[in-house]
Amino acid sequence: MTEHSSSPAGPDFTQGVALADIPQGGMLSGHVNGKPALLVRQGEELFAVGATCTHYGGPLAEGLLVGDTIRCPWHHACFSLRTGQVLRSPALSDLKCWDVARRAGHAFVGDGLPMPQPPKLAAAGLPESVVIIGGGAAGNVAAETLRREGYQGPVTMLSTDRSPPYDRPNLSKDYLAGTAKAAWLPLRSPKFYADHHIDVRCDQRAVKLDPARRTIALSDGSEVTYGALLLATGAEPVRLTIPGATLPQVKVLRTLADCDTLIARCGTARRGVVVGAGFIGLEVAASLRKRGLEVHVVAPGSRPMERLLGAALGDMVKTLHESHGVVFHLGTTVAEIHQDGVRLSTGVDLSADLVIVGIGVHPEVNLAKQAGLAMDGGVLVDGFLQTSAAAVYAAGDIARWPDPRTGDRIRVEHWVVAERQGAVAARNILGQRQRFATVPFFWSQHYDTTINYVGHAEQWDRLDIDGDPAARDCMVSYWRNDKRLAVATVGRDLDSLRAEAEFERQTP
């Protein structure tokens with residue numbers, strides 16, 4: 001085989017580009033010293049940034065410019081055009097940024113700009129130490145944000161997980177499907193945490209919180225004190241309580257260890273039954289199909305995900321999975337699990353050597369309850385994510401906060417929301433008083449089809465569809481009292497970003 005070298009696409013920005021070739025309020029793709037880059041023109045300002053999102057490598061040229069930010073079309077990460085700094089998760093790392101000069105009607109990209117450095121914080125008024133309980137999305141971003149914002153005090157992360165923070169959304173998608181390597185899962189390397197003096201303690205369970213003394217008792221008998229505390233304990237899978245629910249072939253998917261167990265069983269299993277037709281259940285179904293298993297899905301509703309997405313998208317998802325060989329058993333539940341399969345409430349028997357339960361999660365709030373924090377289907381927090389106890393904040397799956405767009409108190413169980421709350425909570429721990437007003441976002445991947453969802457609509461009285469869900473090209477808007485609350489898109493990434501930006505403009 002003969003190897004061929006290929007030149008980077010687009011112009012070399014170091015050699016100069018005519019200003020007339022850079023659209024006003026737009027982008028031009030090219031490269032800087034062989035690295036993919038974008039030249040952006042906003043008004044009289046020019047910016048040069050890396051062309052690839054630092055999250056999953058999304059093409060930023062297909063994204064959206066909002067003021068002096070650029071947003072990824074895949075998962076809505078947001079970066080500063082001025083500094084390259086990541087402003088919004090799910091990306092964790094900054095973009096490369098270069099200096100741009102104008103000469104004789106041309107733009108020339110020069111040296112790389114220095115990466116943003118943490119500010120110098122005065123110690124007065126800062127907590128002596130910060131403890132984070134939870135090693136998931138919210139906890140990890142909170143720890144990183146504390147260091148980005150210049151906090152020098154001790155930062156300790158206590159996690160019940162046996163593994164350091166990892167990319168949990170990948171578990172039900174590419175990692176379970178066998179298309180992502182285990183090495184891709186860690187959010188950061190052990191060296192990163194060591195270099196940033198973040199003390200990550202895995203397999204540690206907090207059993208008692210005393211807000212008055214600012215202490216945390218651990219299951220090994222030790223005690224940790226804190227100056228400020230972030231509760232980011234996440235959620236636990238809901239488990240079946242029917243006969244046979246504890247048999248060894250019955251599994252849930254929440255942790256990396258859960259996923260590795262599933263992958264090991266997939267090596268010998270031939271047929272799997274997925275209990276539940278929500279996002280996790282159907283992502284698992286898609287991944288098992290990619291591994292060659294016969295897959296049956298059991299759920300009580302008439303179509304998958306209808307309560308959240310409506311009938312049209314529910315039918316689209318069902319048809320998509322059926323086209324890949326998934327068999328649905330809807331309008332029924334699993335009544336019993338036995339050694340060779342399951343029995344449905346309709347009396348039908350399905351053979352199975354693997355049963356995966358994906359019927360939702362419940363927030364892990366036992367520690368907060370024990371400590372006497374205010375509760376309401378989760379840990380109540382104010383607009384700054386502070387709980388009813390002094391110096392105690394909550395973020396992620398457990399937090400119920402006031403939605404500034406509707407005035408409702410909401411709780412959202414999605415990765416990106418948890419990450420963004422972790423960042424805001426960290427800034428507020430440092431006294432910045434930043435209100436959490438970010439528009440919720442999540443995505444769900446099924447084979448080669450992705451559903452993006454921005455906003456929050458637990459209930460709606462009107463649903464508008466633009467495009468054709470059956471063709472997997474549509475935008476669905478969810479309304480209540482003539483106010484658009486949420487938008488789901490399939491095959492329309494830019495529309496999803498525009499809807500998010502519109503919701504932001506409407507946020508008080």
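Helix H2 (residues 169–177) packs against helix H4 (residues 256–266) at an angle of about 35 degrees, and their axes lie 11 Å apart. Helices here are DSSP runs of H or I with at least four residues, numbered from the N terminus. Axes are lines fitted to C-alpha atoms over the stretch in contact, and angles run from 0 to 180 degrees between N-to-C directions. The contact (heavy atoms within 4.5 Å) involves Leu171, Tyr175 and Leu176 of H2. From H4 come Leu256, Cys259, Asp260, Leu262 and Ile263. These residues divide into 7 nonpolar, no polar and 1 charged.

The structure is a predicted model; local features need pLDDT of at least 70, side-chain atom pairs count only at pLDDT 80 or more, and totals for chains, interfaces and linings use all residues. Residues are numbered from 1 along each chain as its sequence is written, and side-chain values use heavy atoms, without hydrogens or water.

A nonpolar core is a set of buried Ala, Val, Leu, Ile, Met, Phe, Trp, Tyr and Cys residues joined through side-chain atoms within 4.5 Å. Buried means under 20% relative accessible area, with a 1.4 Å probe and protein chains only. The largest core has 67 residues. Ile132, Leu146 and Leu230 are among those with the most contacts inside it. Helix H9 (residues 415–429) gives the largest share of this core, 9 residues. Apart from this core lies another, of 46 residues, including Val295 and Cys474.

The structure holds 0 disulfides (pairs of cysteine sulfur atoms within 2.5 Å). The sulfur of cysteine 78 is 10 Å from the closest cysteine sulfur, in cysteine 53, too far for a bond. Cysteine 78 is buried, at 2% relative accessibility.

Notes:
Helices (H or I, at least four residues) and strands (E, at least two) are DSSP runs, numbered from the N terminus. Ala, Val, Leu, Ile, Met, Phe, Trp, Tyr, Cys and Pro count as nonpolar, Asp, Glu, Lys and Arg as charged, and the others, Gly among them, as polar. Buried means under 20% relative accessible area, exposed over 50%, partly exposed in between (1.4 Å probe, protein chains only).
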